[in-house]
There are 2 protein chains.
Amino acid sequence: MSYKAPTAQIDFILSHVVPFGELARTDRFAEATPETATAILSEAGKLAQNVMAPLNWGGDQTPARLENGVVRSSPGFAEAFRAIAEGGWVGVSADPEYGGMGLPQALNMAVAEMMSGANLALQLNPMLTQGQIEALEHHASDDLKARYLPKLISGEWSGTMNLTEPGAGSDVGALTTRAEDAGDGTYRVSGQKIYITWGDSDVTANVCHLVLARLPGAPKGTRGISLFMVPKFIPDDAGEPGIANSLKVVSLEHKLGIHGSPTCVMSYEGATGWLVGEENKGMAAMFTMMNCARLGVGMQGVGVAEAALQKAVAYAVDRNQMGPIIQHPDVRRMLATARAEVFAARAIGLACATAIDMDRATGDADQAARAAFLTPIAKAYGTDVGIRVADMGVQVHGGMGYVEETGAAQYLRDVRITSIYEGTNGIQAMDLVGRKLSDGGEAAMRLLDEVLDGAKAAQGAHPALAHQLWQAAETLREATQALLDRAMPERFAGAVPYLTAFARVLGGHYHLRAAMAGGDGHRALAAVFMARVLPHHAGDLAEALAGLDDLTGISDAALAGDFAA
Amino acid sequence: MSYKAPTAQIDFILSHVVPFGELARTDRFAEATPETATAILSEAGKLAQNVMAPLNWGGDQTPARLENGVVRSSPGFAEAFRAIAEGGWVGVSADPEYGGMGLPQALNMAVAEMMSGANLALQLNPMLTQGQIEALEHHASDDLKARYLPKLISGEWSGTMNLTEPGAGSDVGALTTRAEDAGDGTYRVSGQKIYITWGDSDVTANVCHLVLARLPGAPKGTRGISLFMVPKFIPDDAGEPGIANSLKVVSLEHKLGIHGSPTCVMSYEGATGWLVGEENKGMAAMFTMMNCARLGVGMQGVGVAEAALQKAVAYAVDRNQMGPIIQHPDVRRMLATARAEVFAARAIGLACATAIDMDRATGDADQAARAAFLTPIAKAYGTDVGIRVADMGVQVHGGMGYVEETGAAQYLRDVRITSIYEGTNGIQAMDLVGRKLSDGGEAAMRLLDEVLDGAKAAQGAHPALAHQLWQAAETLREATQALLDRAMPERFAGAVPYLTAFARVLGGHYHLRAAMAGGDGHRALAAVFMARVLPHHAGDLAEALAGLDDLTGISDAALAGDFAA
């Protein structure tokens with residue numbers, strides 16, 4: 001059983017569920033025709049399926065390792081990365097001026113999903129390189145762009161993102177890495193960074209680190225952070241990797257999963273760096289990088305979910321226990337629910353990407369607001385679905401699922417990181433109820449109006465489904481209003497269930513669109529979603545509005561199990 | 001940070017939440033006074049905390065291994081098992097005639113919970129040995145009892161359970177291992193068994209296998225299965241391990257977790273066995289063993305949940321990100337919800353155990369029916385909570401949770417098996433809506449009456465909580481009635497969410513009892529449960545009643561992702 005790239009499923013969503021078709025009517029994305037989309041999906045799908053997927057298990061069993069200070073990657077990863085680079089897949093959405101394809105993020109994210117499903121550990125490398133490309137495109141000087149973008153876009157070099165320090169995780173503002181002006185246009189960067197994904201490797205000729213650090217006298221917190229480009233090898237006059245920089249990989253983490261992805265502790269010891277963007281404005285550049293990465297991580301969840309589900313279905317078809325277990329009602333319930341959730345998460349992610357593209361193509365503020373609103377939902381729901389479906393995959397395999405050789409457990413171990421990195425899902429949810437509702441709920445209400453319009457339009461064809469969705473959307477609208485009336489700590493206490501409820505309603509919306517456009521399969525799947533996923537929105541919203549008093553009413557000691565105090 | 005045995009939490013439930021106190025008024029359990037309970041919990045708690053817990057991580061990192069056909073256990077496991085045996089903890093509930101303590105299962109299960117939380121891999125050995133003791137006590141001849149029970153109860157020997165074969169997992173009736181009468185009172189057993197937990201080890205002098213096999217000409221399916229005692233070393237005339245039997249460990253599984261527990265592929269090659277119980281009645285004996293083990297597995301879930309939660313709370317107290325993260329509303333929500341669920345799962349398990357004990361002490365058919373009804377709920381909900389809380393523990397640790405050295409991930413990997421073995425949670429749920437509702441819902445309705453009575457009694461003291469619980473119980477009663485009117489395949493499609501809803505309502509019931517009896521901490525925790533866990537019962541019941549049509553309406557191809565067909 002091997003991974004089959006879901007090109008037709010993605011194509012269907014781009015063609016019928018999200019407004020991808022509008023992009024080709026803009027100047028910027030005039031080339032993003034349905035034909036281009038189909039060709040891109042087909043080519044990337046082949047690479048994911050035939051080159052990347054076969055290396056997935058080997059990457060788990062033979063992790064990347066540190067040898068004499070240099071990372072040796074898992075078997076076959078270097079060759080596969082070359083294939084990704086040569087296919088141009090690092091630069092799908094990158095600026096054509098520097099060698100990119102200039103295609104919409106919607107296509108880039110579709111490619112990301114397939115590559116993640118095939119081999120999450122390896123896909124992390126191009127994904128982070130893409131984030132770096134975005135940050136440089138938006139914030140770097142022309143000189144830095146000229147020096148780095150062609151190499152990154154071609155995949156000759158790769159890029160990393162250095163935020164976290166031992167004392168500064170979710171609280172980025174607490175970081176202590178420092179940078180000093182060397183007086184020659186460069187800076188000396190010193191400090192330790194942790195959790196640096198693909199912080200070193202032998203799959204590219206150079207590794208370019210974007211490092212957050214403080215200049216002397218910089219304000220405390222996030223307003224005193226600047227961003228620096230710190231390459232492993234300093235480019236020489238010909239632009240090729242020159243002398244080694246003063247940085248090193250201290251160690252690799254021993255992780256639950258994504259063993260093929262080296263997670264490095266990095267030490268910068270007066271390393272030479274170049275300022276990216278303005279002094280003390282590093283967070284803005286970092287957010288550019290992270291925003292792209294957040295949606296990308298959501299698509300990683302979708303990708304692994306698809307792979308895990310395919311594996312579970314294949315097993316359930318083959319496995320006989322008084323008939324094939326796929327015919328057992330409870331197994332079928334698990335698989336059908338998972339299929340319905342994978343569809344929903346994929347559609348939400350691609351809707352988010354399309355909004356990003358429409359904003360970029362047209363500058364439409366509504367599209368920008370929609371993209372901003374959907375990003376945390378796409379990230380958190382996509383990764384929740386990834387974990388849930390991978391977990392379901394283990395369960396469907398029974399005892400076999402617990403034996404590593406089966407591979408079902410690897411999906412669960414690998415995807416488990418996705419609800420943590422690029423901002424935990426809790427942080428995504430706080431972003432949603434905090435910053436993303438700070439427009440007074442305008443973006444939320446505009447989305448809900450679209451959902452209600454869709455339900456109205458489907459009333460004739462699918463009265464029962466449309467009615468259920470209508471009611472859920474109305475309940476969500478009321479809950480949104482109620483949340484807007486609350487102070488922030490109280491909102492935060494309900495943030496995660498609120499995000500989940502919103503994702504369920506959006507998922508219902510896209511399922512209904514699919515039911516309107518598609519065949520029997522899509523109608524049946526929409527029915528599964530409305531019957532088994534959507535109804536839980538009510539419990540989510542009750543929880544979302546539960547307030548904060550019950551949480552502050554319980555002592556830390558009681559949380560630890562001591563009720564005597 | 002190390003595991004702290006939750007003796008006070010368990011004591012509180014036994015004293016105030018479940019009718020454990022009634023046991024001491026029966027002849028059989030006259031010695032099970034509150035003082036005895038406290039002493040047992042304290043002693044077992046110390047052993048779990050001080051001897052077993054410190055070996056947990058080492059067992060993960062240095063798995064049991066097969067050397068020249070013999071299993072070598074993880075460092076320190078042999079000594080710790082001796083301490084368990086010498087404390088008498090294998091025989092807590094075993095027959096005093098053969099050396100057991102004769103105490104209630106409620107205490108045995110409390111001990112099991114603590115030992116599971118401390119070291120799940122090691123605890124599996126005494127747990128399976130206990131299951132074998134139960135089976136022998138109920139079904140073996142006096143001669144077999146005399147030969148095996150004292151050795152098993154003292155922990156000199158250990159016991160295993162051999163059901164599964166490559167082609168016979170959940171479908172036990174498909175097994176093909178055969179036994180032939182040797183004409184001398186023994187049988188020759190031949191076949192291969194898989195997933196044999198602690199199928200061999202160096203922690204005991206003998207390993208006793210209970211093996212399901214077919215006699216020549218036996219009826220097909222489960223009615224043609226007999227049970228045999230097949231020891232690794234055949235006891236000599238003095239009752240000591242004698243000559244080696246014709247059986248061997250073929251290999252060990254490479255598993256996601258519980259690395260310290262050797263999971264063996266066993267081969268029986270004309271091994272000498274003794275019939276346990278009657279020919280072709282092996283399933284009855286196996287069910288005795290499994291019933292005990294099912295509740296035990298539920299308590300394993302509770303135990304690991306407790307351990308994972310303690311670790312997460314300790315981390316959240318220490319970790320500063322703009323203040324200790326335990327003060328962040330979303331982190332506090334996760335921890336408080338987990339604490340509320342751990343309480344509920346523990347109370348359900350101990351209520352089930354108490355009903356088993358009351359049945360055994362009094363022969364009361366209502367108590368037997370209650371025990372039978374609660375067993376699948378205790379198993380499935382306890383293990384669901386175990387997995388959910390361990391997963392939450394990883395999330396609270398952020399990036400640290402994904403690094404193995406932290407230990408949070410080990411809890412998740414270890415506990416993941418519990419929803420699979422001893423009958424998957426799907427099978428538990430089918431048992432609940434099938435066999436356990438086959439009394440026309442009598443046992444279910446009797447439990448719900450108790451819940452409603454409890455809510456009525458709490459109306460004055462906790463009007464809001466009592467009202468919420470009352471409504472949920474009424475909704476559950478209606479759903480139970482609706483389910484009873486349906487044919488089995490349709491019930492099966494809703495079995496898992498129905499079981500979950502029932503657990504939520506029962507959990508609310510026990511929380512309300514705790515709020516009535518306990519201090520501020522218990523009142524606060526009950527409020528958390530009613531606000532954040534109970535409300536999801538409505539979605540569960542909607543799903544439970546969704547029927548089967550949507551599942552049969554979707555093709556296997558669509559489940560696999562192919563909607564073109």
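Helices are DSSP runs of H or I with at least four residues, strands are runs of E with at least two, and both are numbered from the N terminus. With that in hand, take one residue: A:Gln468 lies in helix α15 of chain A, residues 463-484.

Before I go on, the ground rules. This is a predicted model, so local features need pLDDT of at least 70 and side-chain atom pairs count only at pLDDT 80 or more, while totals for chains, interfaces and linings use all residues. Residues are numbered from 1 along each chain as its sequence is written, chains are lettered from A and ligands numbered from 1 in the order in which they are written, and side-chain values use heavy atoms, with hydrogens and water left out.

Back to A:Gln468. Its relative accessible area is 31%, which makes A:Gln468 partly exposed; buried means under 20%, exposed means over 50%, and partly exposed is in between, with a 1.4 Å probe and protein chains only. What does A:Gln468 touch, leaving out residues up to four places away in sequence? The answer is A:Met530, A:Ala531 and A:Leu534, where contact means heavy atoms within 4.5 Å. A:Ala531 is 63 residues from A:Gln468 in sequence, and the two C-alpha atoms are 9.0 Å apart in space. The side chain of A:Gln468 also reaches the backbone oxygen of A:Met530, at 3.0 Å.

Now chain A as a whole. Chain A has 21 helices and eleven strands. Its radius of gyration is 23 Å, close to the 24 Å from the globule rule for 565 residues, so chain A is as compact as a globular protein of that length. The radius is taken over C-alpha atoms, and the rule is 2.2 Å times the number of residues to the power 0.38. The C-alpha trace of chain A spans about 70 × 60 × 50 Å along its principal axes. Of the 565 residues in chain A, 65% are buried. Among contacts in chain A with a separation of 6 or more, 75% are between residues 24 or more positions apart.

Next, salt bridges. The rule is a side-chain nitrogen of Lys or Arg within 4 Å of a carboxyl oxygen of Asp or Glu. Over all chains the structure holds 67 of these salt bridges.

A:Arg523 pairs with A:Asp520, the closest N and O atoms being 2.5 Å apart. Both residues lie in helix α18 of chain A (residues 520-532), three residues apart, or about one turn of the helix. A:Arg523 is partly exposed at 32% relative accessibility, whereas A:Asp520 is exposed at 59%.

In chain B, B:Arg388 forms a salt bridge with B:Glu341, with 2.9 Å between the closest N and O atoms. B:Arg388 lies in helix α10 (residues 365-396) and B:Glu341 in helix α9 (residues 329-362), so the pair ties together parts that are 47 residues apart in sequence. Is B:Glu341 buried or exposed? B:Glu341 is buried, at 6% relative accessible area, while B:Arg388 is partly exposed at 38%.

Last, the interface. The contact takes 87 residues from chain B and 87 residues from chain A. The area buried between the two chains is about 7,400 Å², and carbon and sulfur atoms give 59% of that; buried area is the accessible area (1.4 Å probe) that two parts lose on being put together, summed over both. On the chain B side, B:Tyr402, B:Arg532 and B:Leu559 lose the most area to chain A, together 12% of what that side buries.

Across this interface the rule finds eight salt bridges. One of them joins B:Glu543 to A:Arg333, with the closest N and O atoms 3.9 Å apart. Helix α18 of chain B (residues 520-532) gives the largest share of the side that touches chain A, eight residues.

Conventions. A polar contact is a pair of N or O atoms within 3.5 Å; within protein, one must be able to donate a hydrogen and the other to accept it, and residues adjacent in sequence count only if both atoms are side-chain atoms.
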